[in-house]
Amino acid sequence: TVHERVDTFHDNDQKPVGYGRMLRKEDPRFVRGRGRFVDDVRLPGLLHLAILRSPVAHARILSIDTSAAEASPGVKAVVTGAMLAEQGLAWMPTLSNDVQAVLATDKVRFQGQEVAFVVAEDPYAARDALELIDVEYDVLDPVVDARRALEPDAPVIRDDLEGKTDNHCFDWETGDEAATAAVFARADVVVSQDLVYPRVHPAPMETCGAVADFDAVEGKLRLWSTTQAPHAHRTLYALVAGIPEHKIQVISPDIGGGFGNKVPIYPGYVCAIVASIVTGKPVKWMEDRFENLISTGFARDYIMRGEIAATRDGRILAIRTNVLADHGAFNGTAAPVKYPAGFFGVFTGSYDIEAAYCKMTAVFTNKAPGGVAYACSFRITEAVYLVERIVDCLADELGMDPAELRLKNFIRPEQFPYTTKTGWVYDSGDYEPTMRLAMEMAGYADLRREQQEKRARGELMGIGVAFFTEAVGAGPRKNMDILGLGMADGCELRVHPTGKAVVRLSVQSQGQGHETTFAQIVAEEIGIPPDDIDVLHGDTDNTPFGLGTYGSRSTPVSGAAAALVARKVRDKARIIASGMLEVSVADLEWDKGSFRVKGDPGKSVTIQDIAMRAHGAGDLPEGVEGGLEAQICYNPSNLTYPHGAYICVVDIDPGTAQVKVRRFIAVDDCGTRINPMIIEGQVHGGLADGVGMALMEMIAFDEDGNCLGASLMDYLLPTALEVPDWETGFTVTPSPHHPIGAKGVGESATVGSPPAIVNAIVDALEPFGVRHADMPLTPSRVWDAMRGNARPP
Ligand code: PCD
């Protein structure tokens with residue numbers, strides 16, 4: 001366990017080989033405005049596409065008249081759902097075994113749904129023509145509340161599905177219902193609490209878009225698109241559009257943030273492809289902020305009841321939960337097939353308990369589809385919020401300190417690998433030091449004293465504690481696939497004659513800095529400096545197959561692939577070195593960057609010498625082919641389970657109910673740390689996300705199904721003004737099954753911070769007898785809670 005609180009980093013003069021703080025290789029491009037995003041793609045003859053969206057949440061389409069739009073200046077084509085239906089393209093599969101309308105044919109099922117598109121010479125002509133399309137709607141009653149969706153007389157939203165007579169999406173359960181009931185029956189203390197994780201939106205800085213270029217002569221489709229999973233998307237386009245897969249190239253260039261929003265396939269991508277085929281020209285579709293917020297993958301929207309059973313002295317025995325999940329109009333989440341509720345099964349948290357059970361019902365409503373893993377490994381954010389809130393409710397009931405209660409119930413280090421009561425095998429963990437470090441950095445005892453003094457003066461100060469274990473790195477192909485595609489990752493490494501290298505990844509960066517960290521992983525293994533290693537990604541023609549970047553899977557899966565492919569190259573280099581030095585391979589030892597003869601350190605060859613020899617004149621040892629390159633496909637044996645302890649300090653203005661996050665201490669354990677500077681950046685970003693969700697963000701709807709969070713004036717994102725100076729620390733518990741011991745970290749802070757903040761606010765409101773209040777804790781909600789009428793969103 002290491003305790004480090006560095007807030008500075010050294011520059012590139014001290015180039016470390018391998019792991020360590022290193023400035024990002026991609027940043028010179030970004031800070032000079034030389035990034036190349038989808039909207040920067042300009043091809044000769046480029047046409048522009050705009051989408052007509054439904055103004056209402058639920059209606060039957062009676063007629064669509066496109067004649068005026070077709071006659072509008074600059075317009076090349078106007079396409080409706082009926083026209084797509086003729087080609088069998090009106091519906092497409094989602095990444096969770098549902099279907100979604102590309103363009104509505106029968107009904108519109110959410111406000112903002114795609115109804116028709118216009119292709120024109122410029123984006124303005126396309127947008128202007130949208131207003132000339134005349135759609136006649138027969139408006140139906142919308143269902144905007146998940147509870148209402150289950151009522152027997154609720155309108156049936158998905159009447160496109162054969163024999164569908166209700167709004168059920170799926171039922172799911174995990175754990176042991178009877179065993180859990182038995183433990184609850186004999187427990188001294190049982191606490192239950194209703195909790196809502198409201199619908200929020202990932203809101204990346206860059207909205208979604210695509211440029212499709214179908215070359216009829218070559219029969220080849222090139223698609224630049226804002227995708228977090230180019231290879232998986234390519235396979236899907238091949239299956240849906242019937243274009244042979246080797247004739248599709250998906251390019252995901254620089255991406256301005258993904259956060260799960262860019263995992264699904266959106267109708268706009270498919271429309272751009274259709275438009276290019278129809279017009280014979282390249283076509284660009286870029287949505288605006290409003291379209292992104294109302295129609296693309298939202299996150300959360302879980303209504304949960306949490307129950308916790310314990311002994312009087314604070315031993316947690318069992319956790320039970322019942323969840324109503326709102327999936328919107330189409331089940332558009334992306335989750336491994338066997339996990340319709342994602343990894344919600346980790347709701348037992350970081351505690352060693354006797355029994356657990358979850359029952360979930362998912363429903364369709366007249367809201368945009370999604371339920372995407374927004375900075376979350378498939379619903380872990382909801383699971384962690386649930387457990388960390390009810391543990392606090394239990395602490396309140398028992399009159400115990402929330403940190404002490406957690407310390408008392410942690411899974412102990414000697415229990416790892418630990419199989420939870422819902423069947424997850426936590427690979428490694430050492431929770432107590434992480435918690436103690438956070439408490440020490442926070443000055444926990446002093447904070448509690450300060451709180452006592454302030455309470456005596458009527459001031460509202462709260463201290464919130466949260467501890468999380470995540471499951472990231474999907475996943476072992478024996479039980480994880482998306483639409484039949486196993487979740488493994490390929491990696492290819494080529495060392496050129498002069499000792500410079502190129503590594504090709506199947507994952508795709510959206511800003512995380514993969515061009516730096518993957519060069520560092522390879523550097524650590526073969527001793528070539530990171531600046532001499534280029535990382536290629538995001539282009540299906542030039543990278544090996546793999547399932548993409550989300551659920552913090554790049555480090556656990558592709559990071560392992562990169563280390564192993566480098567070791568494969570090193571093994572070959574060793575044989576070549578043995579020939580060069582005329583000794584057996586067993587007589588060589590590796591010294592980061594060179595092989596030397598054991599006992600004769602003067603005799604050595606560098607990796608660069610070996611690279612030249614591998615490509616150069618002269619014979620190579622028996623059985624060794626020329627060149628210095630390798631390729632692998634890595635199938636992880638398990639997920640990795642990072643953990644962390646977060647402590648938040650808030651002050652609440654008793655006159656305005658405004659919450660100020662005064663301090664935030666985050667101690668993360670992601671195993672071996674590749675680039676601590678990047679990790680801190682990841683944590684800072686995730687913590688800001690958490691402040692947003694806990695205090696301000698919510699996609700709400702009125703009773704007609706109008707989206708009330710359709711602009712950044714209504715959907716509030718945190719800025720520098722709302723966040724404190726983060727205090728970060730770390731511990732290191734390597735993953736035993738990962739070749740370099742690294743676990744993912746990209747989502748940890750988003751997962752762990754909301755409960756810490758809400759716990760702090762509820763703690764501050766203790767004098768008012770508040771045990772819970774639902775996010776987002778805006779001043780009005782906090783005010784209501786203080787007045788004893790906390791209301792769900
Ligand atoms: N790392 C290091 N070390 C360790 C780990 C990690 O260094 N141990 C680093 C790496 O390398 C990278 C990062 O860090 O760079 C991260 O990682 P990860 O965790 O593995 O992750 P990834 O896979 O790479 O990524 C993903 C994530 C996610 S998932 C999200 S949401 C978010 C994050 O990522 N997103 C983003 N972060 C970020 N950042 C940015 N800038 N942008 C973006 O967009 Mo999801 O599911 O999709 O929802």
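Predicted model: local features only at pLDDT ≥ 70, side-chain atom pairs only at ≥ 80, totals over all residues.
User: What makes β9 and β17 a pair?

Analyst: Pairing requires at least two bridges between the strands. Strand β9 (residues 168-175) and β17 have 7 bridges, in the antiparallel sense, so they pair. Within this pairing, His168 stands opposite Val363 of β17.

User: How do you know that β16 pairs with β17, and in which sense?

Analyst: The requirement is again at least two bridges. Strand β16 (residues 316-326) and β17 share 9 bridges, so they pair. The sense is parallel, and Arg320 has Tyr357 in β17 as its bridge partner.

User: Which residues come nearest to the ligand, and which elements give two or more residues to its shell?

Analyst: Of the 38 residues around the ligand, Gly260, Gly511, Ser554, Thr555 and Gly746 come nearest. The elements giving two or more residues are α14 (514-526), α15 (554-581) and α17 (676-695). The most comes from α17, with 4 residues.

User: How do the shell residues divide by type?

Analyst: There are 12 nonpolar, 22 polar and 4 charged residues in the shell around the ligand. Gly counts as polar in this division.

User: Why is the ligand said to lie between domain 1 and domain 3?

Analyst: Domain 1 (12-35 + 488-634) and domain 3 (388-474 + 638-786) both give residues to the shell around the ligand, so the ligand lies between them.

Technical notes: Residues numbered from 1 in each chain as written. Near = placed C-beta within 6 Å. Domains from an automatic or database assignment.
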